[in-house]
Each structure stands twice: as C-alpha cells, then as structure tokens.
Amino acid sequence: MASAASIAASIASKTKTKKKHFVAQKVKLFRASDPLLSVVMWGVNHSINELSHVQIPIMLMPDDFKAYSKIKVDNHLFNKENMPSHFKFKEYCPLVFRNLRERFGIDDQDFLNSLTRSAPLNSEAQGRSGARFHTSYDKRYVIKTISSEDVAEMHNILKKYHQFIVECHGNTLLPQFLGMYRLTVDGDETYMIVTRNVFSHRLSVYKKYDLKGSTVAREASDKEKQPPQPEDVPPRPKSGNVQQRLQTLRIATRFYCAMKHAKELPTYKDNDFINDGQKIHIDGENKKMFLEKLRKDVEFLAQLKLMDYSLLVGIHDVERAEQEEVESEDNEAEEEGESDGGGIGTPPDSPSNTLDSNKPLSPGEFDPTIDVYAIKSNETAPRKEVYFMAVIDILQHYDAKKKAAHAAKTVKHGAGAEISTVNPEQYSKRFYDFITTILS
Amino acid sequence: MSSNCTSAAPVSASKTKTKKKHFIGQKVKLFRASEPILSVLMWGVNHTVNELSNVPVPVMLMPDDFKAYSKIKVDNHLFNKENLPSRFKFKEYCPMVFRNLRERFCIDDQDYQNSLTRSAPLNSDSQGRFGNRFLSSYDHRFVIKTVSSEDIAEMHNILKKYHQFIVECHGNTLLPQFLGMYRLTVDGVETYMVVTRNVFSHRLTVHRKYDLKGSTVSREASDKEKAKELPTFKDNDFLNEGHKLQIGDDNKKYFLEKLKRDVEVSVETFCLTDSVVLCLLSEALSCFLCVRVCQFLATLKIMDYSLLVGIHDVERAEQEEMDVDAVGEEEEYENDGMGGGVLTGSFGTPPDSPGNPLNCGGFFGPGEFDPSVDVYAIKSHDSAVKKEVYFMAIIDILTHYDAKKKAAHAAKTVKHGAGAEISTVNPEQYSKRFYEFMSNILS
C-alpha cells in the first residue's frame, strides 16, 4: 500500500485526465447511505484484519469448510455517526475464501480497500431478477444479496468448487466467489456474496445479454427495456423488420445512455440476441480457449446437478465510449461536475485504488489481470469492441428446483403431473451448444 | 492519535515500507499467550485501538463520552482456535475519554497498541490490595491491573473530574495515568482491567520497592513478602532502615516553604492540601500543581492511596550487567514485570520480543533515562551517599471514603454491635498524615 500523502480526491477529480489516485483517506469512516452498507464495509474490514492474525495454513482442512466467524457489536453513545449501534456480522468459511481470493490473484489488502475506502454503489441487477446488487466503489467486485437457501447451496458445493478452482488454477468462467457474509441490522438478516465483477472496472458496457440457450420466454420484458420516465420512452420496436428493430433498439440505448450516463442498462436475452443479429467477433485462438474453459465449467456444473445458470455478455464499443467521454467532458464543463464515470474515470468523490492507473490505457485497452473476462474483438469485426463473458447464477440445484416445481404443479395439476423441466445434463448441453453458435 | 491505515494490516503493509512511523517487527500478531484471558486482552486492545482509528478525533469531549462504551462479542466456530478462545466478549469503557487521556499523557495509540499486543503481557508477582492481579506489558511500559466492578464504578464517578484535572495540569501529575479500562469475559467469567503507565522504568531495574501510606498500623512487609524477589516494603520497614530519599537540600527547603503555604491556603479553603507528593519533584512549578492534586484527592474523598517508591541503584545495576555479560546469552531471562528484570540489566530487552523502536533511540549511560518515557524518575542529588534513581508516584486511588466507611461500619456492627465507633480516619486526616510522613523521608 505505497501511498503518498494527499488531499481529498475531490480535488484530484477536477482534472479529468487519466490520473493516479492517491490514497486520500487515512481514516475509514464507513460512511454510507444505508446502515447495511456501513456494516458491510465494517465487516469486511474486520474480517480481513482478523485473517491477518491467522496464519495461512499449508492446506485447507475439512473443518474449514464448516467454519464461521461471528461478531456482535453493541455500542452505547460511541461511534454513532456512521455505524448503527447494534449489529452482527458473520463470515462463512473465512479460510476457504481467503484461499480462493489468493487463487484468483486477489490480494487481501486490495480486496479490503475496494470494499471499504468508499461505500459500495447500488447497481442494477446482473442476473436473476429480484436480487439486490451493489458494486464496490471501484467496480472491481459485485456484492449480491442472496437467500439463506443460496448460502446452504454454497456450503454444499464449496468443497468441490474449491477443488475445481485448484485444478484449473483459477482459470475459469465460473463466478469467482470471494466472500460470503450474513449481516444483521435492526434485527433483519441479510446474506451477501462477493464475486469478481464480470464487466470491466473501467470500460463501460453499453449492451448486456443474459443467455441460457433456452428459447422459451427469453426476451427482455417491456419493463426491462423501458426507462422509469414514460416521457423518455421511444416507440417500442414493433415486430417486423429485424434491422428496424435493431436500429430502434440501438437508438433507444444510446438515447438512454446519453440521458443517464449509462446508468440504466437493460438486460437483453436469447431472443433479443438472435433478433438483433448480434455476433461476438473474436478470433480463433480466443474462441478456442473460451470454449475449452466453458466446456469444463459446464461439465462441473452438470456433475453437481446445478442448472439455470446464464452466460452474461457485456459489450464495450470503443468508438462509442470515446464519443461518450467527449460528451461527458462537455457536460461537466456546464454542469456541477456530476459524472458517474460510466466510461473512463472514477466517481469524483471516491478515491480509487492505487493499482488502478499505473499507466494510462488507450481506448479499448485493458489490464487482463484485473478485467479477467475481457476479450477483444478480432480484426475483421465491423466495430471495435471488447466482450465480457462469464457464467453467473450457478446456485440453483436441480433437486431443489424439481421439488418446488413438483409441488407447484401438484397444486395446479394434481399429483402425478409431468414436470417438463430439463435435467442438468440436458441443460448444460443445450447451453454449451447455444454459446458455441453465437461465437463467430 | 489516529493511526494511518497501514496499522490495521501488518501482513502486506510490511512489504511496502513507505510512509510509516514505526518499523513493524512482527508481521503477524498472533495474540499468543499462556492464558486465554491474556490473548483476549491482546485481541481486545488491538481491536479497540483499530476501531478508534476509524473514529475521527473530536474537538472536545462531550458528556456522553463519559457514559459511553463499546462492546463486542465474538463467536467463532472451527476458526482461529489456536491462540484465542472461540467465544469471548470485550468491552471498553469510555473509549473516547481514554483516547484523549492517552494523548494528554503523550502516548501514541499505535505505541500503546504495540506495547500490549506484539507480545503477551507478563505476570507480575506484585500484589495490590486484596490480591489484585498485576500484569505488565511485555516492554514494561504499562501496567495492567485487575480491578473489581466497584472500582469500575468509582472510576466512572471520578472520571470527569480526573479528566478535567489532567487537562489543567497538562498531564503533569503523580496520580496514576489511566490509559484504558476494559471488561473481558472468557468462559463466562468477567474480569475488569485498568491500564496505567508503569511507575517504574521500562529499562532501569528497581532494586527496592516501598508502598508508603504514612500510617503506622500494620505497615510492615510480611515474611512471605520478604521472600519474594522484589518484596514490597512498607512504612515501618522504611523507617527502621533509616532510609532517606536524597533529592537535595535546596529542593526540600523550597518544598517545605511551599508546603506550609499550601497547607494554610488549604485550611482556609477547607481543602486540605497534600503537597507531599509533588515536593519530591524538583520543579517548583509542581508544588503549585500539588495543591490541586491534593484538592483533587481530598475533595473527591479518596483515601487509602499509597506512594509507591522504587529505587534503582546505579552501581549495583552496572555490576549486574557485567555479570550478565559474563554468563552469556543462553540463560533464560525472567522478568517480574513491575520492576524490570533483575537479570536483563539496564539496557536489554527480553530476547524473544521485538524491541519497541523507541527503545533503540539513544544510548543511555548508567543511571540515565528518557524523562518522556520514564516520567516518574528523579535522580539523587550530586552529594548523595549512593547514586540512585527514584521512581515515585501515587497509586491505588479508587477507595472512596463513603464506600469504605459503609463497609467498615457494617463489619464493626457485625462484630461490636450498632453504635460502635469507627476508627478509620477521614480523607483529610489521611492526606495530612500522608503528607507529613512523606516530607520526613526526604533529604
């Protein structure tokens, strides 16, 4: 943590060049808009510090997969400004996740800094709807609120997951699980899991797809595509000419991005992908490596009888991003300087990680050790793009799903009604085949 | 003092050693100790100082700060079992107040934390009243005393006035320097602890120790006590030896004049001054403060305190060090904590504990000390019979007259029936007697 003494980052942000962000905060106040976020920050800070007093074992023991650390804080007339007076923080399998972080090339100190120097930001959903998302302020990590069933499932697969990560040396498209916690604030329990962000911490994604390889109901809903303000809605693309729809969608997205600086990013699905005529233009070598990883990952998932996962695809358009940056600089000259830094640049009032900008990166460039899922488009691609692709939402177990569906169907159709869900094997095959076809 | 954020993460911070005040010797603090309660103490102090580094230092303390506490309960399962118990609780009383006090006593929070956490605190065979347990930090800078819940209550009662007093005298006092107050719960058992600055030196050995009250009844070290390595002698022992604390005629004369004035002034204002303690210091200014100290103790109706006196014999220490060098490094060094190890001599630190960087500051000659660290040290005057260094301060200030009287009354009533006369002195009488005794032992 080499850090020069510095003044507040708000001053640094006025110069909108690719600058080095110095460590501005000496005191971590865990200030956030929501007590839950303060507790996450405090908790991660505490957990990493605790781990720094525990010797790193040579190898993990079976007990480590059942372990947890729990802490309960009760303050009275102390530290009330940013923290709630009463809260609990539980970390599941601390040694396992520390080991996983190491295997994914993430230093505990960097992890700590990303999650604690400034409050995590609300983020739109990346996967299954309803789950609440945050990203770390520097956009390297995603914090997803999950259910207690998800936590149970994680425990079930953790040993095998860890073993898989050991064998593939951390080189996988599966979610990189980095920490799992339970927070209790005001008597309410919230479960959270931290994963590496699939998308870039720097390069903006203007289009996002959630692909399963299924054909039923795989279209972004109107609600997904439309923004909250009705007056801003462009005409909804009518069925018909694919090109027309594609163009309308492109205009719509660009319009939204221009208006809201890329905050709203609808999640499109399989049918949209096909109808848009979207292609992923990557060269042969990249395609081969990608599919090889995917094959192994999907095999692993099928073995564990997991299904309903998706491939999350994000597309960064290099030219568009350059254009947006020019526009937002113009806007900043007029406005109060509110930029959420959708593209390059970081939120003005949050100091960024010092590892961020060691050297300036040109448009469309990325550091593959940070943006691990990034793949450049090949030379023959119509537009210069960067693709981010990884598997998400892997915690749905076939048995649990079947049981639930069975119960639902029994209620609806009576006992003995046939369940029409595919099994994990079929799911994985269909998934893999679909993804293979979308890569040109 | 707020710390920089590298303090919370010794593991990788040690890889990039820029912008750091201290050279961190230990990369990983394991809180390893011979007993779970010591591990919990280390963990607790580490945690609370880190927590405070995330709380901005306020411009001034508020009334609520004197009623505040922080509580933390840890429940681990199959995790971190090597050095810590799986379940324990740690409570810190009035964290902001003690942080402020540490600052006023010129103790940096990082140093405080390091002293108490880098290596386990050591048991001291000194015993306070009623068998209270004593520990010293591994570097002998701080003393950790196990106290009762009544003591905690009394501390809370006096804390505001104590703090005010410290503000007014700029930390320049012979009263105990209270630096932290905690409650530890291990295996369901609660232990209360108060951390104070060590009266004795962290370096210079104390060869002789006295606990003086100015009383004459039962003030003699028992045989059992005398058998110890560093027995605590008392008033009668001191008198029987014909011992004197030789700080110089001029100082003493000056002191007595001041004292007389202070006593008269105090009688007029109905606050008995007890300038004895500060008379032992050579600074004239201290005498002025002395009035206030005594006002402080007497006004608060505190009594039964002692003057703790430690004597470092310079020649003897030099001799001991030569013996140690002759013997070599393979020997096991044993420290009793309070007085500094007899065998470590003047300059050594226990071999297996990383030295505090402040130790390696300057090179000190025999009988020399850093007054900012050994704040209670006074050299003997030049024409003294023996070259000595004295360490003197007041200890045990948590007995309140009313509480004591009530207890004694109850005891006497049980023994002699209601209406029996209580023969305990009151705080003013106590302080007067205390003072008179102390003034006689100086020369």
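Predicted model: local features only at pLDDT ≥ 70, side-chain atom pairs only at ≥ 80, totals over all residues.
**View 1. Chain B as a whole.** The secondary structure of chain B consists of 13 helices and 14 strands. Chain B has 443 residues, and 57% of them count as buried. Among the contacts in chain B with a separation of 6 or more, 70% are made by residues 24 or more positions apart. The accessible surface of this chain is about 19600 Å², and carbon and sulfur atoms provide 53% of that area.

**View 2. The five-stranded open sheet of chain B.** In chain B, five strands are arranged in the order β9-β8-β11-β13-β12, and their pairing is mixed. Strands β9 (232-234) and β12 (377-379) of chain B each have a single partner strand, so one side of each lacks a neighbour in the sheet. On average, neighbouring strands of this sheet are turned by 30 degrees against each other, with direction ignored. Helix α11 (residues 314-327) of chain B packs on the sheet, where α11 touches β11 (306-313) and β13 (388-395) of chain B. The direction of helix α11 makes about 55 degrees with that of β11(B).

**View 3. The pairing of β8 and β9 in chain B.** Strand β8 (residues 208-212) of chain B runs parallel to β9(B), and three bridges join the two. Within this pair, B:Lys209 is found opposite B:Thr232 of β9(B).

View 4. Strand β1 (residues 68-76) of chain A pairs with strand β1 (residues 69-77) of chain B in the antiparallel sense, over nine bridges. A:Asp74 stands opposite B:Lys71 of β1(B). Within chain A, β1(A) also pairs with strand β2 (residues 86-92), again in the antiparallel sense, and here seven bridges are found. A:Lys70 has A:Lys90 of β2(A) as its bridge partner.

**View 5. The nonpolar cores.** The largest nonpolar core contains 185 residues. The residues with the most contacts inside this core are A:Phe111, A:Phe290, A:Leu294, A:Leu311, B:Tyr112 and B:Ile397. Helix α2 (residues 36-53) of chain B supplies nine residues, the largest share of this core. At least three residues of the core come from each of domain 1 (36-198) and domain 2 (199-267 + 291-316 + 367-442) of chain B. Residues up to four places away in sequence aside, B:Ile397 touches B:Ile158, B:Leu175, B:Pro176, B:Phe178, B:Leu297, B:Ile302 and B:Tyr305. A second, separate core has 15 residues, including B:Leu230, B:Phe369, B:Tyr376 and B:Ile395.

**View 6. The five-stranded open sheet of chain A.** Chain A has an open sheet of five strands in the order β9-β8-β11-β13-β12, with mixed pairing. The edge strands of this sheet are β9 (267-269) and β12 (374-376) of chain A, and each of them pairs on one side only.

View 7. Strand β8 (residues 207-211) and strand β11 (residues 310-317) of chain A form an antiparallel pair over five bridges. In this pair, A:Leu211 stands opposite A:Leu311 of β11(A). A:Leu311 is also among the residues with the most contacts inside the largest nonpolar core. Helix α12 (residues 424-438) of chain A lies across β8 and β11 of chain A and runs at about 145 degrees to β8(A).

Terms used:
Residues numbered from 1 in each chain as written. Chains lettered and ligands numbered in written order. Heavy atoms only, no water. Helix = DSSP H or I, 4+ residues; strand = E, 2+ residues; numbered from the N terminus. Buried < 20%, exposed > 50% of the residue type's maximum accessible area, 1.4 Å probe, protein only. Contact = heavy atoms within 4.5 Å. Areas by Shrake-Rupley, 256 points an atom, 1.4 Å probe, with all protein chains shown as cover. Pairing = 2+ DSSP bridges. Axes fitted to C-alpha atoms, helices over the stretch in contact; angles between N-to-C directions. Core = buried A, V, L, I, M, F, W, Y, C linked by side-chain atoms within 4.5 Å. Domains from an automatic or database assignment.
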